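Subject: Structure handover

Hello,

Here is the structure for you to look over. My notes follow below it.

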Amino acid sequence: MISPQQAGVLIMLIGIYGLMAKREPIKLVLSINVVSLGLVLFFIGLAYSPEKDVPIMPTDPVDPLPATLMLTTLVVDVAITSLALAIILRMRRDGS
Amino acid sequence: MIPLMVAFPLLFAFVIVILDTLRAKRTLIKAAFLLGVVLPAWVFLTERGREIVGGWNRAAGIEVGISEINAPFIAGELILFTVVALYSIPYFDFRNKKTPKSLALLLLLHAGLMGAFIAGDFFNFYIYMEIASVSAFALVAFSDEKGSKRAAFKYLILSLLASYLFVFAIGIIYMETGYLNVELVAENALPSRELQAALGIAFASLLLKAGVFPLHGWLPDAHSIAPTPVSAVLSGAVVKAPAYGMILLFSALPPRETFREAVMGLAVASVFFGIAGALLQKDAKRLLAYHTVSQMGYVLLGTASMNFVGAAYYAMAHSLFKGGLFLSVGSLGKKSRKLGEFGYRNAPLMAFSVLMLSLAIGGVSPFIGSYAKGIISSGLGGTWKWAVTAGTVGTLVSFTKLNYHLSKGETGDLAPIEKLSALVLALATLCAGLYLGAEPKLSDASYIFAAVLVFFALKFSGVLEREVRGEAKDVGKDVNVLVAVFVTFMLGVLLIQWP
């Protein structure tokens with residue numbers, strides 16, 4: 001079995017392959033999203049420890065920080081994707 | 001209350017959007033914009049030291065601070081941004097509905113840069129650098145020029161890829177040390193292969209965002225197509241955020257000798273590649289954009305020789321003169337940016353400012369460029385010093401070319417603020433140099449003389465007339481190539497870091 005971190009890195013590499021091999025702007029945006037998903041999986045994998053407690057009123061808590069960081073990254077991700085799609089629409093309209 | 005430096009511009013960016021939705025008077029929007037720009041300067045002048053936001057403990061909290069190393073970054077950004085703000089209100093002039101949005105985006109950019117420069121931990125730095133970059137993508141795409149959307153898209157994809165890899169590296173650092181705070185990482189880092197790899201990945205990502213050769217592919221397009229005030233901020237301040245990130249990175253995880261030597265070689269390559277690229281350009285703003293690649297090489301040279309103060313002062317110097325050059329050349333070349341079709345022949349005040357700024361970027365004393373170059377070369381060994389001197393002559397050759405073409409053409413009407421902004425920045429480079437104690441040197445005159453000779457030699461040999469490859473039509477193909485270069489470069493860095 002591979003660990004979640006390794007799976008995350010693999011998914012990031014698949015996204016980077018997409019960035020190098022695909023020409024359609026939409027596919028490039030999708031590839032970037034794949035990279036970010038791999039990143040999220042990597043971080044979640046860092047803090048994955050099933051035998052530990054939830055981080056509310058803890059005795060032996062898991063590390064909550066990676067998950068929190070990824071929440072922030074996801075927010076950045078959503079905003080960027082919408083911006084990229086808007087730019088693609090404008091690119092079409094300009095005929096460039 | 002250092003976090004207020006970020007909070008004020010953020011607050012007023014939202015206020016502008018609300019005022020715009022409520023169809024408020026233009027003066028209100030302008031006032032909100034100027035308040036958001038100026039208030040951080042007030043905080044900067046009154047506050048010093050380090051603090052942790054909200055008073056949490058250091059391991060969990062967000063540490064911010066103003067120190068000897070980041071103060072020049074902040075000072076340069078604040079001076080440049082204040083001038084750009086005054087320039088951009090008449091520039092955008094409420095011609096269309098985009099104006100309030102552009103102003104709000106400029107404030108977000110300001111907030112992002114302030115946040116990145118005061119950050120004391122890696123993740124916080126990433127978030128604010130990202131706020132600045134995202135505003136920059138949108139501002140580039142706002143330009144009416146043809147090809148602006150393509151440039152913005154290219155910039156967006158590459159910059160984002162670099163950001164994700166940077167966060168990935170932060171993840172590895174967190175996994176190995178258990179901290180995100182720069183100082184705590186520095187105290188707790190044990191040398192390991194994982195940390196070396198993380199250093200390499202994070203460093204390569206920041207190099208892409210700083211636009212250093214060979215990862216500069218997105219920079220000339222984005223910086224030259226953007227509206228003039230935005231170009232000034234992009235070249236003057238936005239590329240400094242990753243440069244500051246490199247300083248944070250190197251102070252947390254000191255690089256090994258081989259890696260540092262390699263980076264210094266890369267920095268020198270960037271200096272000369274930027275100059276060569278600039279010499280071949282026909283478009284004035286593209287010429288200046290290539291000089292950003294070259295000047296970032298100096299900042300990198302300072303960082304790689306662990307001379308962080310030198311790098312910081314060079315970054316500040318570059319903010320002032322490159323911002324001034326973009327504003328003045330952009331104002332002169334409103335109709336055409338092609339060299340030889342416009343100039344300052346009928347605008348003596350502009351001629352004076354552009355000449356001063358050209359001398360400043362060339363590193364002629366007593367301007368601030370020479371002071372900053374002095375600190376950088378004081379931290380370098382024998383042969384590297386020669387690279388700095390050769391870079392000075394090269395930069396002066398390229399600016400002789402710019403001034404030669406500018407002195408032949410004429411320009412249309414200039415608004416008072418356009419003349420004033422260039423003059424203020426030109427005087428700022430001079431005053432800052434005098435204040436910091438740069439002294440006139442006789443050797444500088446010989447550099448200028450050599451540069452003029454080389455320029456005319458090149459001109460008569462016909463090298464400067466060569467046509468360079470135009471931009472490719474297909475944005476997807478461009479991104480493919482640039483990502484491939486980036487990945488190859490990163491593999492190279494990892495190979496250096498492997499043993």
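Ile16(B) touches Ile29(B), Ala32(B), Phe33(B), Pro100(B), Leu103(B), Ala104(B) and Leu107(B), leaving out residues up to four places away in sequence. Contact here means that the C-beta atoms of two residues, placed from the backbone, lie within 7 Å. Ile16(B) is also one of the residues with the most contacts inside the largest nonpolar core, along with Val140(B) and Leu161(B). That core has 217 residues. Helix 6 of chain B (residues 148-177) gives the most to it, with 20 residues. A nonpolar core is a set of buried Ala, Val, Leu, Ile, Met, Phe, Trp, Tyr and Cys residues joined through C-beta atoms within 7 Å. Buried means 20 or more other C-beta atoms within 10 Å of the residue's own; exposed means 12 or fewer, and partly exposed lies in between.

Before you go further: this is a predicted model, where local features need pLDDT of at least 70 and side-chain atom pairs count only at pLDDT 80 or more, while totals for chains, interfaces and linings use all residues. Residues are numbered from 1 along each chain as its sequence is written, and chains are lettered from A and ligands numbered from 1 in the order in which they are written.

Chain B

Chain B has 20 helices and 2 strands. These are DSSP runs, numbered from the N terminus: helices are H or I with at least four residues, strands are E with at least two. The radius of gyration of chain B is 21 Å, close to the 23 Å that the globule rule gives for 499 residues, so chain B is as compact as a globular protein of that length. The radius is taken over C-alpha atoms, and the rule is 2.2 Å times the number of residues to the power 0.38. The C-alpha trace of chain B spans about 60 × 60 × 50 Å along its principal axes. Of its 499 residues, 59% count as buried.

Helix 16 of chain B

In this helix, 8 of 11 residues are buried. Among them are Ile368(B), Tyr371(B), Lys373(B) and Ile376(B). The cover includes helices 13, 14, 15, 17 and 18 of chain B. Helix 16 (368-378) packs against helix 18 (416-436) of chain B at an angle of about 45°, with the axes 7 Å apart. That makes helix 16 of chain B oblique to helix 18 of chain B. Angles under 35 degrees count as roughly parallel, over 145 as roughly antiparallel, 65 to 115 as roughly perpendicular, and the rest as oblique. Ile368(B), Ser370(B) and Tyr371(B) meet Thr429(B), Ala432(B), Gly433(B) and Leu436(B).

Chain A

Chain A has 3 helices and 0 strands. Its radius of gyration is 17 Å, whereas a compact globule of 96 residues would have one near 12 Å. Its C-alpha atoms fill a box of roughly 60 × 30 × 10 Å along the principal axes. Buried residues make up 31% of chain A.

Where the chains meet

Best regards

How values were computed:
Axes fitted to C-alpha atoms, helices over the stretch in contact; angles between N-to-C directions.
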